[in-house]
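Subject: Structure handover

Hello,

Here is the structure you will be working with. Please open it before you read my notes.

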Amino acid sequence: MRRNHSTTPRTPRVLGSLLLLAAAGASTLGAAPEARAATTVPLDRVVPASASVSPGGTPYRITRATGIRVDGSAEVRRVGTYLAGILRPSTGYPLPVTERGAGGIRLRLTGDDFGAEGYRLHSGADGVTLTARTPAGLFHGVQTLRQLLPPAVERRTVQRGPWQIAGGTVRDRPRYAYRGAMLDVSRHFFTVAQVERYIDQLALYKINELHLHLSDDQGWRIAIDSWPRLASYGGSTQVGGGRGGHYTKADYREIVRYAASRYLEVVPEIDMPGHTNAALASYAGLNCDGVAPPLYTGTKVGFSSLCVPREITYDFVDDVVRELAALTPGRYLHIGGDEAHSTAHADYVTFMDRVQPVVAGYGKTVVGWHQLTGAHPAEGALAQYWGLDGTAAAEKARVAEAARNGTGLILSPADRVYLDMKYTRDTVPGTKWAGLVEVRRSYDWDPGAYLAGVPASAVRGVEAPLWSETLKTSADIEYMAFPRLAGAAELGWSPAARHDWNAYKARLAAQGPRWDALGIRYYRSPQVPWPTR
């Protein structure tokens with residue numbers, strides 16, 4: 001939406017004021033409205049909400065003399081360089097990253113107990129100090145620092161300040177270790193650049209797991225050397241019949257590298273035994289009748305299955321898992337397991353019993369959709385719950401029993417955090433099989449108490465999946481993800497005591513101008529008091 005600009009003629013008084021500002025060097029070409037109205041952002045105005053905020057003291061003002069001071073660690077220097085890369089374009093300041101000097105912005109590691117991802121941010125007249133036990137903690141602290149600056153800091157051209165960070169102290173650490181977002185690149189293919197753009201958006205809200213749905217009925221998206229037709233043929237199309245695509249191993253390594261630079265771990269998913277038509281079409285031998293079906297470009301589910309009795313199926317699984325595990329430094333490998341309606345239950349159990357040890361044998365922790373709990377989840381496996389508030393009690397009870405027996409849970413209830421659900425009936429992209437999911441509904445639930453009978457300790461985190469049957473562009477991704485992604489991130493990061501819709505919607509509204517500055521197309525929900533553009 002274009003901003004409105006007044007057409008009222010300037011009076012001499014206004015013109016004179018503008019000339020004075022220009023003479024003083026305070027006027028900047030291209031200055032955005034949010035920069036012209038910049039005020040100091042309160043310490044508690046960030047998303048996700050910080051664990052503890054103690055405001056007070058004089059704000060620190062970033063000036064041309066400000067430097068970013070780091071210790072001798074290469075990783076800390078990388079975080080400092082990342083921060084400088086955000087601040088330099090909009091401020092126009094040099095912001096040298098150095099191991100010397102006093103004041104300014106300091107990033108340092110200590111042995112204090114901040115946890116694996118926690119940090120402390122202290123701001124005062126003399127500077128800002130970010131302290132953490134790990135570089136990941138410093139990186140998350142940088143995201144808080146970004147949000148404590150005016151939204152115009154996100155623009156890539158010089159803007160007018162002042163660039164002030166409120167005085168006081170933030171102490172912060174995540175509620176859950178697993179805070180994820182899933183991007184389906186199978187129904188519609190997204191390029192490396194599009195995935196990396198989404199990674200940057202996830203990082204702003206302290207998401208640390210990127211779940212990539214790499215295979216489905218409509219497309220196989222990762223090159224496997226031992227089964228080359230999976231990508232070259234199985235990846236050649238997508239929903240609607242358009243040209244598909246796949247990632248070479250170099251492409252995938254680049255996504256993994258880029259995600260790691262933002263402290264996200266990639267969780268690759270190869271969905272099986274169902275959702276496998278792209279593989280079945282590529283290799284006739286994977287079908288029980290030895291006949292390859294045609295490529296599929298529709299959106300129905302549950303019709304495909306690997307041939308559980310055939311030994312070639314497990315050669316296929318071993319090769320795919322081996323090559324994908326070698327490409328993936330992260331801990332997890334997702335084996336799908338949902339909507340296997342064409343696989344007999346006994347075959348499903350047999351398949352999962354054989355596949356889970358393969359994943360473990362290549363050094364990865366199994367993740368599966370919660371239907372895995374209907375088989376025998378391996379020790380240490382994670383089950384990803386995607387049911388609804390109204391899912392049958394027996395199904396929920398089975399998941400709860402598995403959780404009590406040691407299976408960890410990732411919560412992704414479809415009628416809460418499936419980002420592809422329409423907001424309202426008027427939403428153009430998206431689907432509505434799980435219902436309409438407005439912003440409040442997406443935010444207003446507690447992962448720790450969502451499933452009856454599940455020990456709080458079994459909940460390992462929250463993930464917001466984004467399925468792409470109706471999504472073709474980055475603009476589509478962003479419109480469906482924002483603003484709901486921010487709420488899912490807060491549910492995963494912030495203490496339960498900080499979850500309050502009325503407080504959250506005010507903090508969320510303040511993100512709107514930041515998304516404008518970042519060029520993110522988002523849904524302006526009437527439930528949120530967005531600033532006037």
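This is a predicted model: local features need pLDDT of at least 70, side-chain atom pairs count only at pLDDT 80 or more; totals for chains, interfaces and linings use all residues.

Residues are numbered from 1 along each chain as its sequence is written, and side-chain values use heavy atoms, with hydrogens and water left out.

Confidence

pLDDT is the predictor's confidence in each residue, from 0 to 100. Its mean over the chain is 93, and 93% of the residues reach 70 or more. Residues 1–37 are a stretch where pLDDT stays under 50. For that stretch the model has 31 contacts (heavy atoms within 4.5 Å) beyond four places in sequence.

The sheet

Helices (H or I, at least four residues) and strands (E, at least two) are DSSP runs, numbered from the N terminus. An open sheet is formed by 7 strands, in the order β1-β9-β6-β7-β5-β3-β4, with mixed pairing. Two strands pair if DSSP finds at least two bridges between them. At the edges are β1 (52–55) and β4 (97–98), each of which pairs on one side only.

Strand β3 (residues 68–70) pairs with β5 (residues 104–109) in the parallel sense, over 3 bridges. Arg 69 stands opposite Arg 106 of β5, and Val 70 has Leu 107 in β5 as its bridge partner. β5 also runs parallel to β7, joined to it by 6 bridges; here Gly 104 has Gly 127 in β7 as its bridge partner.

Which strands does helix α4 lie across? Helix α4 (residues 135–147) lies across β5, β6 (119–124) and β7 (127–132), and runs at about 145 degrees to β7. Axes are lines fitted to C-alpha atoms, for helices over the stretch in contact, and angles run from 0 to 180 degrees between N-to-C directions.

Two helix pairs

Two packed helices are described by the angle between their axes and the distance between the axes.

Helices α5 (residues 192–204) and α7 (residues 249–261) pack at an angle of about 15 degrees, with their axes 10 Å apart. That makes α5 roughly parallel to α7 (angles under 35 degrees count as roughly parallel). Val 192, Val 195, Glu 196, Ile 199 and Asp 200 of α5 make the contact with Asp 251, Glu 254, Ile 255, Tyr 258 and Ala 259 of α7.

The axes of α9 (residues 311–327) and α10 (residues 345–361) come within 10 Å and cross at roughly 30 degrees. α9 and α10 are therefore roughly parallel to each other. Residues in this contact include Tyr 314, Val 317 and Val 321 of α9 and Phe 351, Val 355 and Val 358 of α10.

Backbone details

Most residues other than glycine have a negative phi, and most peptide bonds are trans. Where are the cis peptide bonds listed here? One joins Val 47 and Pro 48, with omega about -5 degrees, and Pro 48 lies in the loop between α2 (33–36) and β1. Another joins Gly 161 and Pro 162, with omega about 5 degrees; Pro 162 is in the loop between α4 and β8 (163–165).

Leu 95, a residue other than glycine, has a positive phi, near 45 degrees. Leu 95 is found in the loop between α3 (74–91) and β4.

Regards

Methods:
Angles under 35 degrees count as roughly parallel, over 145 as roughly antiparallel, 65 to 115 as roughly perpendicular and the rest as oblique.
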